[in-house]
Amino acid sequence: MFTYESALKANQLQDYLAGERKFLALYNHLGNAGTIVNFSGVLRPIVSASSEFQRILRRSLREARFMDIYLEGYGVRILGNYDRTDVIIAETCEQLDVLETEIARFDLHMLRK
């Protein structure tokens, strides 16, 4: 388990932040095609380049408050989860195929069931 808190305690914050940057870059890229955020049951569009979106992503990656976002350009919903294992909800395998290709571009991996 490699969380923000455990990285701080183990004096490995730089390693943690390097991984976090990959996720931030990925979600910013995916969000450029349109993003809707579910915050406390209220759905609203959000600009991926905004400081608010960055805060939502960081809080989720650091397990403070998990994100619930819908990526309009990809037609998928992403739910933040523990240990950087976010959940992707898609209607079709094709959507997952496209997303898997995008994820690989950022040197990250997607596990499929």
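**Charge, fold and core**

Mentor: The chain carries 14 positive and 15 negative side chains, with the centres of the two sets 7 Å apart. Please keep in mind that this is a predicted model.

Trainee: Now the fold. How many helices and strands are there?

Mentor: There are 4 helices and 5 strands. Read from the N terminus, their order is α-α-β-β-α-β-β-β-α. The chain is as compact as a globular protein of its length, because its radius of gyration of 14 Å is close to the 13 Å that the globule rule gives for 113 residues.

Trainee: What box do the C-alpha atoms fill?

Mentor: Along the principal axes, the box is roughly 40 × 30 × 20 Å.

Trainee: On to the interior. What percentage of the residues is buried?

Mentor: Buried residues amount to 39% of the 113 in the chain. The largest nonpolar core has 27 residues, and Leu26, Tyr27, Leu30, Met67, Ile69 and Leu71 have the most contacts inside it.

Trainee: Which elements give two or more residues to this core?

Mentor: They are helix 1 (4-9), helix 2 (13-31), helix 3 (51-61), strand 3 (68-71), strand 4 (76-79) and helix 4 (93-105). Helix 2 provides the largest share, with 7 residues.

Trainee: Let us take Tyr27. Where is it found, and why does it count as buried?

Mentor: Tyr27 is in helix 2. Its relative accessible area is 5%, so it counts as buried, the cut-off being under 20%. Leaving aside residues up to four places away in sequence, Tyr27 touches Phe53, Leu57, Met67, Ile78 and Asp86.

Trainee: How far is its C-alpha atom from that of Gly73?

Mentor: The C-alpha atoms of Tyr27 and Gly73 are separated by 12 Å, and the two residues are 46 apart along the chain.

Trainee: What does Leu30 touch?

Mentor: Beyond residues up to four places away in sequence, Leu30 touches Leu71, Tyr74, Leu99 and Glu102.

Terms used. Residues are numbered from 1 along each chain as its sequence is written. This is a predicted model: local features need pLDDT of at least 70, side-chain atom pairs count only at pLDDT 80 or more; totals for chains, interfaces and linings use all residues. Side-chain values use heavy atoms; hydrogens and water are left out. The radius of gyration is taken over C-alpha atoms; the globule rule is 2.2 Å times the number of residues to the power 0.38. Buried means under 20% relative accessible area, exposed over 50%, partly exposed in between (1.4 Å probe, protein chains only). Lys and Arg count as positive and Asp and Glu as negative; His and the chain ends are not counted. The place of a charge is taken as NZ of Lys, CZ of Arg, CG of Asp or CD of Glu. A nonpolar core is a set of buried Ala, Val, Leu, Ile, Met, Phe, Trp, Tyr and Cys residues joined through side-chain atoms within 4.5 Å. Contact means heavy atoms within 4.5 Å.
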